[in-house]
Amino acid sequence: SRTKSDSGVPEVPVSADDTPEVLNKALSGLSSRWKNWWVRGILTLAMISFFFIIIYLGPMVLMMIVLCVQIKCFHEIITIGYSVYHSYHLPWFRTLSWYFLLCVNYFFYGETVTDYFFTLVQREEPLRILSKYHRFISFALYLTGFCMFVLSLVKKHYRLQFYMFGWTHVTLLIVVTQSHLIIHNLFEGMIWFIVPISCVICNDIMAYMFGFFFGRTPLIKLSPKKTWEGFIGGFFATVVFGILLSYVMSGYRFFVCPVEFNNDSNSFTVDCEPSELFQLQDYGLPPVLKSITGWTTVKLYPFQIHSIALSAFASIMGPFGGFFASGFKRAFKIKDFANTIPGHGGIMDRFDCQYLMATFVNVYIASFIRGPNPSKVIQQLLALRLDQQLHIFNSLKAHLTEKGLLPALEEAA
């Protein structure tokens, strides 16, 4: 039955080996196993170096990179769909796919601009109008694409066209929605962007290393090269790495301060007084550790405690994003999403775990970290009519007087 069900899926053409000729010549004397190890290692170091560079260039460049990665991942998945079903000559499939990508990005980035650039939006009349009717415009754009899809239906291919309609929307859900959450995490502070991504990268590297040298026991059938030794070794290595990286980054305002837009300079700023989350505190050690180390307390940043949760998720649940991608590729009989990065596959092959991690971090921040933001409350108050502002002022004054805080403030003044 499996052969019968798989035979109905057209195969995607296998992409040729795109390893640079220089590496092919340099590693020609090695076995395929060790050649792949060196290719992956060299390209991994190159990608990590590039990651350091874009961090140095600041939050605006990071946002642009996230957008570029999102577009590339969407392109790779949609290309698979087109390669599988192109023989049916479905009208407007790729055109509508890219149109829906544009609509969804317009919606999400419009929401972000309205939320984080409120003062700038209110200052510019065209932006204010677009912001006021943003959701209606977004819905109208999507509705236009929906009508175009209905008009493109061909009698003999109704079912296939609805398959591809669903394909596009699931891709948008997986790629665009979660990449938008990455940008939201970045606005909370670059540390919430860098540490989770670095933990996924560390787990990927260390699981590969432990599996390569010590792997004996298969972990899951979907990905035969994954082993329990790599999974366990990657977990402990990632937790230690997360704690150390968090300790180093928590001492720098550039990493811990929320990314905010400065209306005076029209640029992003990352300067603030670090919250308690990024201030060293004394923690008592359990009796077992006291007897081993001889210490009674240890100084840690509270964020390091949270980093354990981030590292654990990156090591335990993060790989399931990779397993999901492996099952997807097996369903269409392909090895990688693309051949963009030699030894690694496509961009989506590198970000299959990152998107799942981004969703977890966003939920984690909303559940355990984020509180009311006074600056956003003030921005919303300033957008009200003067009579509404006066009503809120009188209500707040009465509340503070009732609590006994207002007289104390007046005496202090």
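Predicted model: local features only at pLDDT ≥ 70, side-chain atom pairs only at ≥ 80, totals over all residues.
**Stop one: the helix pair.** Select residues 302–316, helix H14, and residues 318–331, helix H15. Their axes come within 3 Å and cross at roughly 25°. Angles under 35 degrees count as roughly parallel, so H14 is roughly parallel to H15. Now show side chains where the two helices meet. On the H14 side, pick Phe313, Ala314, Ser315 and Ile316. On the H15 side, pick Gly318, Pro319 and Phe320. Colour by class: this contact has 5 nonpolar and 2 polar residues, and no charged ones.

**Stop two: the hairpin.** Move to strand E1, residues 218–220, and strand E2, residues 223–227. The strands run antiparallel and are joined by 2 bridges. Together E1 and E2 form a hairpin, with 2 residues between them. Centre on Ile220, which stands opposite Ser223 in E2.

**Stop three: the second largest pocket.** Select Phe187, Glu188, Pro258, Glu260 and Asn373; of the 31 lining residues, these lie nearest the centre of the pocket. The space there is about 730 Å³. Next, show the elements that give two or more residues to the lining: helix H5 (93–116), helix H6 (118–123), strand E3 (260–262) and helix H17 (374–382). Which element gives the most to this lining? Highlight H17, which gives 4 residues. Finish by colouring the lining by class: 18 residues are nonpolar, 7 polar and 6 charged.

Definitions and conventions. Residues numbered from 1 in each chain as written. Heavy atoms only, no water. Axes fitted to C-alpha atoms, helices over the stretch in contact; angles between N-to-C directions. Parallel < 35°, antiparallel > 145°, perpendicular 65-115°, else oblique. Contact = heavy atoms within 4.5 Å. Nonpolar A, V, L, I, M, F, W, Y, C, P; charged D, E, K, R; others polar. Pairing = 2+ DSSP bridges. 1 Å grid on protein atoms, 1.4 Å probe; cavity = no way out; pocket = protein on both sides within 12 Å on 5 of 7 lines; lining within 4 Å. Points joined across faces, edges and corners; volume = space filled by probe spheres on them.
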